[in-house]
Amino acid sequence: MKEQLVMLKEQALEKLKEQSTLQQLGDWKATYLGKKGELTAALRGMKDLSAEERPVIGAMVNEVREALEQALETKEEALRRAEREKRLREETIDVTLPGRALPLGSEHPLNRLIREAEEIFLGLGFQIAEGPEVETDYNNFGALNVPKNHPARDMQDTFYISEDMLLRTQTSPVQGRVLRANVEAAKQRGETSPQPVRIIAPGRVYRRDDDDATHSHVFMQIEGLVVDRNIRMSDLKGILTTFTQQIFGSDVSIRMRPSYFPFTEPSTEVDVTCYSCGGEGCRICKQTGWIEILGAGMVHPNVLEMAGYDPEEFTGFAFGMGVERIAMRRYGIEDIRHFYTNDVRLMSQFKSRV
Ligand code: PHE
């Protein structure tokens, strides 16, 4: 029995060396130390021993068990360590690898131009105002000195929603909204005169037009309105010169041609030096050397009066520019419809710089 135990121990330790995974260790443990294992079988044989032999062999069995358990533990630990090291080696992250580039969206060229324009006007002391795209007939026309049935309404083919509601054909209705809000605020404060105004109002407008390369039934305008004491046409020219030079470059000039709008008097259309030929005359500017970008003028006294500003005390200028036109010139886009069909091949070229 003694020899048997010694052999068992040696055999077990020998086998243990061959085990190379935790899984195999488990099997080994079952074979030698488990309930149905060899050591248990040896214990069972003790009933045939004499009373003197029994404690001796019993102690020996315990000794062998302890030795095996000890060896198992050591081996197990070594295996675990090896496995951990292997995993660490395999899963090492190379922090010097370049990251994966995520596709970034891009800013719509119209929004980009509006943002640039806003930055310029904010720098000139303007504030940004807004108005709704669904407007009242009164705000879009009446408050702008265009009475019902006035032929000037034919200048802008209008989408009507009902008799009194429409999709605004211009951003000019924001003029009356801002002026009236100021008059109201002055009243609330108990002041006799409303505050001066210096705003721009960018936004979407709608006209019943057939879409082609230069016309779209929906487009963007930036309205401007300055109302204060002693505002003159030279102020208008100065602001517009500064703005166009910041947008197009310091070598462009503007020229003002007489025009007509019901809500300004006098009225003017403003051209900038053709970006393409620099003023020489080319196909794009139809040989004139100039490109029209906006309508403007001195605010009509009727508009001021209807909103509650005293035209004896206040004068002002207003302008409205077509954003698409400027963006087409600025970014070399040849068809206005590109802005609204959102072809990613075009749009993705306008990566945001922010
Ligand atoms: N609202 C005019 C248009 O859409 C432009 C304009 C604005 C002209 C302000 C004069 C003053 O054509």
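UniProt positions are given in the numbering used here, feature names are shortened, and annotations may be inferred rather than shown by experiment. With that understood, the unreviewed UniProt entry places the feature "binding site" at Glu265. The structure discussed below is a predicted model.

Glu265 belongs to strand β7. Its relative accessible area is 48%, so Glu265 is classed as partly exposed, given that the partly exposed class lies between the buried limit of under 20% and the exposed limit of over 50%. Beyond four places in sequence, Glu265 touches Met298 and His300. The peptide bond that leads from Glu265 to Pro266 is cis, with omega near -5°, and Pro266 is likewise found in strand β7.

With neighbours up to four places away set aside, His300 is in contact with Asn145, Pro262, Phe263, Thr264 and Glu265.

Strand β7, which spans residues 264-273, also holds Glu269. The side chain of Glu269 makes a polar contact of 3.3 Å with the side chain of Ser259. The residues that Glu269 touches, outside its sequence neighbours up to four places away, are Arg255, Met256, Arg257, Ser259, Phe261, Glu292, Leu294 and Gly295.

## The largest nonpolar core

Leu294, a contact of Glu269, is also among the residues with the most contacts inside the largest nonpolar core, together with Phe121, Phe317, Phe319 and Met321. This core has 43 residues. At least two of its residues are supplied by each of α5 (109-123), β5 (218-228), α8 (233-248), β7, β8 (290-299), β9 (315-322), α10 (323-331) and α12 (344-347). Helix α5 provides the largest share, six residues.

Apart from residues up to four places away in sequence, Phe319 touches Phe121, Ile200, Ile222, Glu223, Gly224, Leu236, Leu240, Leu294, Gly295 and Ala296.

Helix α1 (residues 2-18) and helix α4 have axes that come within 10 Å and cross at roughly 5°. Because of this angle, α1 is roughly parallel to α4, the limit for that description being under 35 degrees. On the α1 side, the residues that meet α4 are Lys2, Leu5, Val6, Lys9, Ala12, Leu13, Leu16 and Lys17. Their partners in α4 are Val56, Ile57, Met60, Val61, Glu63, Val64, Ala67, Leu68, Ala71, Leu72 and Lys75.

The unreviewed UniProt entry places the feature "coiled-coil region" at residues 61-92. In the model this span is 94% helix and 0% strand, and its end C-alpha atoms lie 46 Å apart.

Leu72 is found in helix α4, residues 53-90. With 6% relative accessibility, Leu72 counts as buried. Its contacts, not counting residues up to four places away, are Leu16, Leu25, Trp28, Lys29 and Leu33. Lys29 is 43 residues from Leu72 in sequence, yet their C-alpha atoms are 7.8 Å apart in space.

Helix α2 (residues 22-33) contains Leu25. Leu25 is buried as well, with a relative accessible area of 3%. Leu25 and Leu72 are 47 residues apart in sequence and 7.7 Å apart in space, C-alpha to C-alpha. Besides Leu72, Leu25 touches Leu16, Gln19, Lys75, Glu76 and Leu79, with residues up to four places away left out.

## Two asparagines with positive phi

Asn149 and Asn342 each have a positive phi although neither is a glycine. Asn149 lies in the loop between α6 (137-140) and β3 (165-167), whereas Asn342 lies in the loop between α11 (338-341) and α12. The table sets out their values.

| Residue | Phi | Relative accessibility | Class |
|---|---|---|---|
| Asn149 | about 65° | 75% | exposed |
| Asn342 | about 50° | 44% | partly exposed |

How values were computed:
Residues are numbered from 1 along each chain as its sequence is written. This is a predicted model: local features need pLDDT of at least 70, side-chain atom pairs count only at pLDDT 80 or more; totals for chains, interfaces and linings use all residues. Side-chain values use heavy atoms; hydrogens and water are left out. Helices (H or I, at least four residues) and strands (E, at least two) are DSSP runs, numbered from the N terminus. A polar contact is a pair of N or O atoms within 3.5 Å; within protein, one must be able to donate a hydrogen and the other to accept it, and residues adjacent in sequence count only if both atoms are side-chain atoms. Contact means heavy atoms within 4.5 Å. Buried means under 20% relative accessible area, exposed over 50%, partly exposed in between (1.4 Å probe, protein chains only). A nonpolar core is a set of buried Ala, Val, Leu, Ile, Met, Phe, Trp, Tyr and Cys residues joined through side-chain atoms within 4.5 Å. Axes are lines fitted to C-alpha atoms, for helices over the stretch in contact, and angles run from 0 to 180 degrees between N-to-C directions. Angles under 35 degrees count as roughly parallel, over 145 as roughly antiparallel, 65 to 115 as roughly perpendicular and the rest as oblique.
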